[in-house]
Structures are given as structure tokens and as C-alpha cells.
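This report looks at ring contacts, a helix residue and a pocket in one protein model. Please keep the sequence and the structure in view while reading.

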Amino acid sequence: MHKNLAEKYRIKKYSEIVGQEKAVLDIKNFLKEFPKKKGLIIYGPAGTGKTSLALATVSENDYDVLELNASDLRNRAKLEEVLKPATLQKSLFKKGKILLMDEVDGVTGSDIGGIPELIRILESTKHPIIMTCNDVWQTKLSSLRQKCKLVEMKALSIPYVMEILKKVAAKEIIKKDENFLQKIAIKSQGDIRAALNDLQSYHLVDSIVDLNEKRDVEDNIFNILKRIFKEKQDFLTLFDTTKMSLDEILLWIEENIPKEYKNEALARAYHALGKADVFRGRIYRNQYWRFLVYQNIFQSAGISYAKDSVLTGFTKYEPPKRILKIWLNNQKMEKKKTISKKYAKFVHCSIKRAMRDFNTLKPIMKKPSVQKQLDLSEEEIAFLNK
């Protein structure tokens with residue numbers, strides 16, 4: 001097993017893709033509608049399968065593909081020399097051609113740089129251009145975004161990563177138990193490439209998975225705020241791109257509204273946020289969880305449409321201060337309480353005693369066998385392992 005597993009098991013067709021159904025549908029629609037939009041940008045965290053989805057699209061449609069890395073085509077001269085001729089030449093043996101440009105965020109954004117030239121090439125291309133990048137909301141890509149269809153790839157959930165790891169482990173005859181695979185899935189934080197690399201390396205050296213060695217995943221709350229405040233859209237699924245709760249996002253929005261809105265727009269934004277907070281109160285007071293959709297609407301679309309027109313320029317957003325600290329502490333106490341409640345029920349002691357002795361009991365509750373007996377959730381296990 002010397003070949004890299006991430007490459008060996010790279011997806012080849014749509015049916016092999018899990019957890020990215022909307023992205024697959026979006027890219028199918030893009031090809032049907034071409035040349036309504038001539039460019040498509042697949043964006044999302046590292047290891048979510050952006051390039052693999054593009055290559056699967058090539059395979060599914062029996063197209064030729066010209067793969068380019070944007071880091072090698074950073075400026076206008078290189079784009080004119082390599083990419084522009086390819087957009088005009090027909091495929092010799094297949095029914096069509098796709099131009100695939102990885103890491104488009106590596107193209108320079110100045111007037112004499114690559115982004116303006118790339119936009120000019122998009123306007124004249126005879127073939128679809130598919131680009132990939134991690135952060136599509138960079139300022140330098142704003143003009144390119146307007147010309148392209150955007151397709152988001154989300155970090156995969158732990159069950160989806162587990163599903164992939166089990167299939168690969170079975171094919172490679174890697175005899176590891178489910179707990180081992182689950183630890184790798186948790187550590188990967190949705191990065192399937194990292195998960196497969198870990199599976200291979202941990203198997204080869206036969207070592208214990210260290211969950212404390214967390215991977216760095218960039219927090220995208222600043223990108224979320226930028227979209228809500230700068231653009232005017234419904235944004236009803238925008239918060240699906242982050243692991244942060246609606247309550248925590250509400251605090252970030254509250255802190256930064258005055259940085260973006262003035263006068264009537266400011267009043268409308270605070271009115272929408274107030275409505276979101278009203279529904280939040282009803283949810284917690286009466287356990288009406290179906291009201292989450294209304295909290296989401298008011299603090300996404302409500303905030304976005306509070307302004308009269310789209311906004312431009314750079315704004316430095318600040319994290320919420322005292323209120324966030326209080327809220328995070330309450331969240332921490334809530335996790336501690338739910339774990340203590342399960343432990344108290346299992347060992348027949350009071351919740352108060354389990355709470356009091358929590359730090360002493362923590363090493364015991366970190367054991368996978370104990371966690372299984374207590375039926376702890378993924379969030380509770382993650383809390384214990386912090």
C-alpha cells in the first residue's frame with residue numbers, strides 16, 4: 001500500500017460523490033445552460049473534492065480536459081500565452097472540452113495582472129472554464145465572481161467521512177475497528193484527503209490517533225459577515241457553511257452592524273436582528289425548534305436587505321466582546337451539565353455531585369468504552385477532548 005490513498009481512490013463519477021449533492025446538481029445545470037455563464041468556480045475548504053468533482057464532470061460528459069494550475073499562470077502574459085488559445089481550439093477526439101484551472105486565487109488581481117485578462121478570456125471562450133479555489137470571497141476575485149456560476153463544496157460531516165474510510169479500509173484490507181476510524185474522521189474536520197492520508201500513515205506505523213493534534217481550519221465567520229453586509233441576497237443557506245450556531249453568529253452581526261450601516265439602513269438592520277432575537281427567545285422558552293427557520297431568515301436575509309444597495313470597500317470586522325464571553329461560558333456549562341446528567345444516571349448518583357467532581361471524572365469519561373456506555377454525542381465527546 002505505497003500509492004497515496006487519496007489519489008488511488010479519487011472519485012471518478014458523480015455516483016461516488018457523497019454529501020455534495022447540491023454541488024453536483026449545480027455543475028450539471030451549469031453545463032446545460034452554457035454559454036449563459038461561461039465560467040464556474042468551485043470553492044470550499046481544502047480536501048472537500050473540488051478538483052475531483054471537476055474531473056468527474058469531464059468523465060461523465062466524455063469531454064477532453066486541459067488542466068492548468070493558476071499558480072503557474074499568475075499574470076496576463078501567461079494567460080494570453082497558454083489559456084487563451086486553448087479556449088478557442090476545438091477538441092479533436094471528444095464531443096467537447098473543459099478547461100480546468102486549479103487554485104484560481106493564485107492569479108494576480110491588479111489591472112496589469114491576471115484577473116482582468118481572465119475575465120476577457122471568459123467572454124470569448126468557446127468552452128466551459130471550471131476554476132477551483134478555497135476562498136472565493138477575496139476582494140480581488142469580486143469582478144470574476146460576477147461573471148461565473150459559484151458552486152460550494154462543504155466540509156464533509158463525520159458520518160460521511162466514516163463511510164468513505166470504511167470502504168477504503170475494506171478494499172485495502174486495513175483491519176482497524178470503528179473507533180479508530182471515527183477518531184480519524186473527527187480529526188480530519190471534513191477534509192477527506194487528510195482523513196485518507198491519516199488512515200494510510202497511522203496504519204503503516206501502527207500508532208494511536210492523537211485527537212489533540214487538531215488540524216487548522218480557517219474560521220469563515222468573516223466571509224459570512226462580508227456577504228451579508230456587502231451583498232443583497234436571501235442567504236437562507238449561508239450559515240450552513242460554518243459550525244457556529246445561529247446564536248453565536250447573531251452576536252457577531254450585532255457587534256458589526258454599525259460598521260456597515262447608517263441611518264435608516266441601520267434601524268432596519270437592528271429591527272431585523274431584534275425579530276431574530278424574539279424568535280430565539282421563543283425557541284428556548286417553549287422548545288419550539290421549528291422557529292429556527294425564522295431566526296435564520298431575519299438574521300440573514302433580514303440583515304442583507306436592510307440596506308438600499310450593495311456595498312463596496314473593505315471593512316474590518318470585530319468579534320463580539322463581553323456578551324460572547326458570557327455566551328461561550330454558558331455553552332461550556334451546558335455541555336458539562338448534559339454529560340454530568342448522563343454520567344449521574346448511569347452510576348446512580350446526583351447530577352450535582354457529578355458536576356462537582358467533573359474534572360476528577362473527566363479522564364474516565366474520555367475513554368471510548370465509557371463514552372459509548374454513556375451514549376455521548378459527537379459534540380459532547382469533542383468537549384471532553386478539548
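This is a predicted model: local features need pLDDT of at least 70, side-chain atom pairs count only at pLDDT 80 or more; totals for chains, interfaces and linings use all residues.

## Charges over rings

Arg 282 lies over the face of Phe 279, at a distance of 5.2 Å from the ring centre.

## Aromatic pairs

A pair of aromatic rings is described by the distance of the centres and the angle of the planes. The structure holds nine aromatic pairs, and one of them is formed by Phe 30 and Phe 34, an edge-to-face pair with 6.4 Å from centre to centre and 70° between the planes. Phe 30 counts as buried because its relative accessible area, 1%, is under 20%, whereas Phe 34, with a relative accessible area of 22%, is partly exposed.

Phe 279 and Phe 298 also form an aromatic pair, but this one is stacked, with 5.9 Å between the centres and 15° between the planes. Phe 279 belongs to helix H12 (residues 263–286) and Phe 298 to helix H13, so the pair ties together parts that are 19 residues apart in sequence. Phe 279 has 14% relative accessibility and is therefore counted as buried, while Phe 298, at 26% relative accessibility, counts as partly exposed. Ring pairs link Phe 279 and Phe 298 with Phe 291 and Tyr 294 into a cluster.

## Asn 296 in helix H13

Helix H13, which spans residues 292–304, is also the place of Asn 296. Is Asn 296 buried or exposed? Asn 296 counts as buried, because its relative accessibility is 14% and the cut-off for burial is under 20%. When residues up to four places away in sequence are not counted, Asn 296 touches Leu 236, Phe 239, Leu 246 and Ala 301.

## The second largest pocket

The second largest pocket contains about 1100 Å³ of space. It is lined by 34 residues, of which Trp 137, Leu 150, Arg 227, Glu 231 and Gln 233 are the closest to its centre. By residue class, the lining of the second largest pocket divides into 11 nonpolar, 11 polar and 12 charged residues.

Several elements contribute to this lining: helix H2 (21–33), helix H6 (142–147), strand E5 (148–152) and helix H10 (221–230) each supply at least two residues. The largest share of the lining, four residues, comes from H2.

Methods:
Residues are numbered from 1 along each chain as its sequence is written. Side-chain values use heavy atoms; hydrogens and water are left out. On a 1 Å grid over the protein atoms alone, a cavity is a set of points where a 1.4 Å probe fits but cannot get out, and a pocket is an open set with protein on both sides within 12 Å along at least five of seven lines; lining residues have an atom within 4 Å of a point. Grid points are joined across faces, edges and corners, and a volume is the space filled by probe spheres set on the points. Ala, Val, Leu, Ile, Met, Phe, Trp, Tyr, Cys and Pro count as nonpolar, Asp, Glu, Lys and Arg as charged, and the others, Gly among them, as polar. Buried means under 20% relative accessible area, exposed over 50%, partly exposed in between (1.4 Å probe, protein chains only). Contact means heavy atoms within 4.5 Å. Rings of Phe, Tyr and Trp (its six-membered ring) pair if their centres lie within 6.5 Å; planes under 30 degrees apart count as stacked, over 60 as edge-to-face and the rest as tilted. A charge sits over a ring if NZ of Lys or CZ of Arg is within 6 Å of the ring centre and within 35 degrees of the ring normal.
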